[in-house]
Amino acid sequence: MNRSSKRDFVVGLFVLAGLGAIAYLSLSVGGWSLRGPGDLVLFADFDQIGGLKPRAAVEISGVKVGQVESITLDQDYRARVRMALRSNLELPVDTSASIVTAGLLGDRYVSLQLGGEEKNLKPGDDIRFTQSAVLLENLIGKFIYGSAESKNDKSEEKNDKSEEKSE
Amino acid sequence: MALIRDLGFAAAVFVDQLGKMAVFAGQILRAVVTPPPRLREFVQEIFKLGVLSLVIICVSGLAVGMVLGLQGYNTLVRFGAEQSLGAVVGLSLLRELGPVLTGLLTTGRAGSATTAEIGTMVATEQLDGLRMMSINPIHWVVTPKALAMIFVMPLLSALFIVCGFGGGYFAGVTIMGVDGGAYVSSLQNAVVFSDDVVGSLLKALVFGVLVGLISTYRGYTCAPTSAGVSSATTSTVVIGSVAILIFDYFITALWGV
Amino acid sequence: MYMAFGDREVLHGLSCDFPRGKISVILGGSGSGKTTVLRLIGGLIHPRRGEIFVAGQDVSGLWGADLDEVRHKLGMMFQGGALLDSMTVFDNLAFPLREHTRMSESEIAEEVHRQLAAVNLTNVDNLLPGQLSGGMVKRAALARAIITKPEILLCDEPFSGLDPITVKRIEALLGRINRQLDITMLVSSHHIRSTMRMADHVVLLHKEGAVTGSPSELQQSANPWVASFFNEELDESVESPDDPHPMLRQQAVP
């Protein structure tokens, strides 16, 4: 029976290694968290969410504290974002949420800035202060339009000046 | 004309074989819930199918990861996106290469070994010997082998993938100079547990069922001659490989990965 | 025990009895179905028509657990031994005891060694079947077949592939087992001399059924076919080259 107990040991090692690999893939790489029930659920309405997707991160001061659970359209046709956060967070009622980009062309995530009120948000509350995502296209459009405008202004100035001179 | 007739005949044979395999699967399921549990045999099969496949799986995983790292780098560097190498290597391995290649390699090594073993037992009347001792050969021989294959496949797939990550890191970071931190973080950011990891393990599990069923069925029903055993072993590899690739498509399409 | 067969491709309209407690020998030319008869009795194949009564039960329509119940009364010694080649000789003999009895390991060890001694196999405990000679394999297979004390022992070509000395040894063993343990034995064989010596009852198969009787009856038979069979075969104790190879068997019943 000595042969088979050595073999059993090796089998046990193999199974451990395999399960370890699965755990590594799930937790470290896949980001699966072993959170229990009792997440803090909050809502926020945005005019524009940009490319924000479910499971996107929610961060405070750059630290991930939860994730976006779902995004739906409410009656006003605004985007209603449902977030699940760590249950031990204490967020004042004037906390604001803004949708920002990781890097220039990266994924969207939600960043929370704490307010100063004494009362805290309760589970299921709405975050009242929100800032929508800034779309790159709009920025570029503004830039082009803005530079066209300032060109006009400048040429108007020139005309004015030359008019002044000529007068 | 003869070609069409042969096609029809082949189709009929195919359906007939599917039916017989379904019946066989049913017998295995019934044996699973029948006592006594063949734990000793199950563990032995995990050793034969899993542990003995470790070398080929890990070496292949490492090699595939390295190739992915090099090829991925060569392509990404043209777009200045080589920092995303971790994501490219990781997702390719997780979603496709890990489960599929593990499935194919395991079919070739462990699947054919199982078929040959059972087939030889048929040819040498060992299964009849078991029957005459009032032991159901499906219960004692087939079921532990099939269950072990299902159990072992996701484990081997995960090990393949992890070795692949390492190979990709070695090729991309150590050799080609991609930043190690960028590799790891792009990998972690790109992989989503519920889509990618679960999908990967699910595929491996399905492949395990396929190979477990096909390899034992082929061995059990093989003609009791040495030519029969050899033909059964070959068909396990062929049918198992094709089945894996076909199911891979369907799972990928349905899972939305 | 009473057994009667019906049709199969190989056996046509066979009907015969095998008396209890006696050694019955099944003889016949190659391909006449000697092994088929044994496999029918063991329930490994089912007849196309007819009934087979083993200890009062008809096994021709039995499957699964019911069939296994009847098989507890049977032991079979296969032509190739059919020992499980992944286990040692000891484990092979212990296997049926471990499966079907509640004997303790020490009791099992005692019984296994007793059976091995009875067939004159010593020091083979830890050997694998592949390491045994042909005669040793047969003896181990015999020991395994009777270790569960069956009522009926089926022997498929117990003398095949053995030298004359070993043949005599096996013959003596079988005889002793029959007498001491009162086991009904059915032996299929080519070896006319040995089998006629030990047989109480002979079943000679031919195309339309069988000729049965005691050894002396058949040897003195007036039937020309029977007479020629014995005259030709008496000088041969070698397997006919036309025999189906032991590897070629029909598909078995699951």
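Trainee: How many bridges join strand 1 of chain C to strand 7 of chain C?
Mentor: Bear in mind that this is a predicted model, where local features need pLDDT of at least 70, side-chain atom pairs count only at pLDDT 80 or more, and totals for chains, interfaces and linings use all residues. Helices (H or I, at least four residues) and strands (E, at least two) are DSSP runs numbered from the N terminus, and two strands pair if DSSP finds at least two bridges between them. Strand 7 covers residues 201-206 and runs parallel to strand 1. The number of bridges joining them is four.

Trainee: Which residue in strand 7 of chain C does Ser24(C) stand opposite?
Mentor: To find your way around, residues are numbered from 1 along each chain as its sequence is written, while chains are lettered from A and ligands numbered from 1 in the order in which they are written. Ser24(C) also stands opposite Leu186(C) in strand 6 of chain C, and strand 6 (residues 184-188) pairs with strand 1 in the parallel sense over four bridges. In strand 7 of chain C, the residue opposite Ser24(C) is His201(C).

Trainee: Where does Thr122(C) lie?
Mentor: Thr122(C) is exposed, with 9 other C-beta atoms within 10 Å. Two residues are in contact if their C-beta atoms, placed from the backbone, lie within 7 Å; leaving aside neighbours within four places in sequence, Thr122(C) is in contact with Leu116(C) and Ala117(C). Its C-alpha atom is separated by 10.0 Å from that of Met136(C), 14 residues apart along the chain. Thr122(C) lies in the loop between helix 4 and helix 5 of chain C.

Trainee: Which helices are included in what covers the buried residues of helix 3 of chain C?
Mentor: Helix 3 spans residues 89-100, and its buried residues include Val89(C), Leu93(C), Phe95(C) and Leu97(C). Among what covers the buried residues are helix 4 (105-118) and helix 5 (134-146) of chain C.

Trainee: Which element gives the largest share of the side of chain C that touches chain B?
Mentor: The contact takes 20 residues from chain C and 15 residues from chain B. On the chain C side, the elements giving two or more residues are helix 2 (64-71), strand 4 (74-77) and helix 3. The largest share, three residues, comes from helix 3 of chain C.

Trainee: How many residues of the side of chain B that touches chain A are nonpolar?
Mentor: The contact takes 22 residues from chain B and 19 residues from chain A. Helix 6 of chain B gives the most to the chain B side, with seven residues. Counting Ala, Val, Leu, Ile, Met, Phe, Trp, Tyr, Cys and Pro as nonpolar, Asp, Glu, Lys and Arg as charged, and the others, Gly among them, as polar, that side has three polar residues and one charged. The nonpolar ones number 18.

Trainee: How many residues are in the largest nonpolar core?
Mentor: A nonpolar core is a set of buried Ala, Val, Leu, Ile, Met, Phe, Trp, Tyr and Cys residues joined through C-beta atoms within 7 Å. Leu159(B) and Leu186(C) are among the members that touch the most others. Helix 6 of chain B gives the most to this core, with 21 residues. The residues in the core number 135.

Trainee: Which strands of chain A stand at the edges of the sheet?
Mentor: Chain A has an open sheet of eight strands in the order 7-1-4-3-2-6-5-8, with mixed pairing. Two strands have a single partner strand each, so one side of each is left without a neighbour in the sheet; they are strand 7 (126-127) and strand 8 (129-131).

Notes
A residue is buried if 20 or more other C-beta atoms lie within 10 Å of its own, exposed if 12 or fewer, and partly exposed in between; C-beta atoms are placed from the backbone.
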